[in-house]
Amino acid sequence: MESDRFATSVAASVEPAAKSGSTVLQALTDMLVIIEMELRKLRHEPTELFTRAVQPVLWLLIFGQAFSKVRAFDTGGVTYQTYMTPGILSQSVMFTAIFFGLSTIWERDMGILQKFLAMPIPRLALVLGKALAAGVRALSQVTIIFLLAAITGIPLHWHPALLLAAAGVVILGAVFFATLSMIIAAIVKTRERFMGIGQLITMPLFFASNALYPISIMPDWLRVVASVNPLSYMVDFLRGALVAGQLTNWQADVGVLLVACILATAVGTYLYPRVIA
């Protein structure tokens, strides 16, 4: 069967990198092998990139253009479509990464995950490798949105340094949401429950952020939620880099995302083996 051949291929790829144990260099090598393995999946199923791009395209082309005619709040002197582009970009990253845990459940059902856990690969390298692979996948989504913005004439700042900084924050955000996804997979253990929990989390995170509107117009209770929502800090950084062209709050934005990533990675590393329990 194709799944059996894939499991054998994965095991063969990881095993040579896992032989010598627990040094930092070896852990990095193991992590790179995991990243390469996950990207190989994407190469075998490239249509996934385009199917996941449909939703942000609809948000930008339909919702963005329609609400550009409505002057409901101050967008900082830019059209609403421009204002919301970093928010839709962040939404695309979150949606791509938050369902990454489905592959964990699939790997368990196919017997691949059991092979991973039987190998002398540090759990941290395994979790981080998968999370960083989600970040690379997210960059492909971002590229599609950038192309759409260029085609439709959305005025963004295309300075290479700002784009590089935006790419770094996209990867950071994807790592957090992908690790959160693996935590959910370790707890619920079934695809049906995972899909339900994923939907339950993504929409509140999206609407309780500054992706579509500024925090200043929110009611007090929602401002509190938005202030602890990592997605808000990701949007804030991308809006500064791509729309304003200056990073005024980058220390706070990057700091919150880093702390969120560290906490989620620690919990994910602890819970990951429990997927097969």
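Start by selecting Thr265, which is buried at a relative accessible area of 7% (buried means under 20%, exposed over 50%, partly exposed in between, with a 1.4 Å probe and protein chains only). Thr265 sits in helix H12, residues 250-271; helices here are DSSP runs of H or I with at least four residues, strands are runs of E with at least two, and both are numbered from the N terminus. This is a predicted model, where local features need pLDDT of at least 70 and side-chain atom pairs count only at pLDDT 80 or more, while totals for chains, interfaces and linings use all residues. Residues are numbered from 1 along each chain as its sequence is written, and side-chain values use heavy atoms, leaving out hydrogens and water.

Zoom out next. The chain has twelve helices and zero strands, and 51% of its 277 residues are buried.

Then show helix H4 (residues 80-98) with helix H9 (residues 191-207): their axes come within 11 Å and cross at roughly 160°. (Axes are lines fitted to C-alpha atoms, for helices over the stretch in contact, with angles from 0 to 180 degrees between N-to-C directions.) H4 is therefore roughly antiparallel to H9, a label for angles over 145 degrees.

Last stop: select Leu61 in helix H3, residues 47-67. Leu61 is partly exposed, at a relative accessible area of 31%.

Conventions. Parallel < 35°, antiparallel > 145°, perpendicular 65-115°, else oblique.
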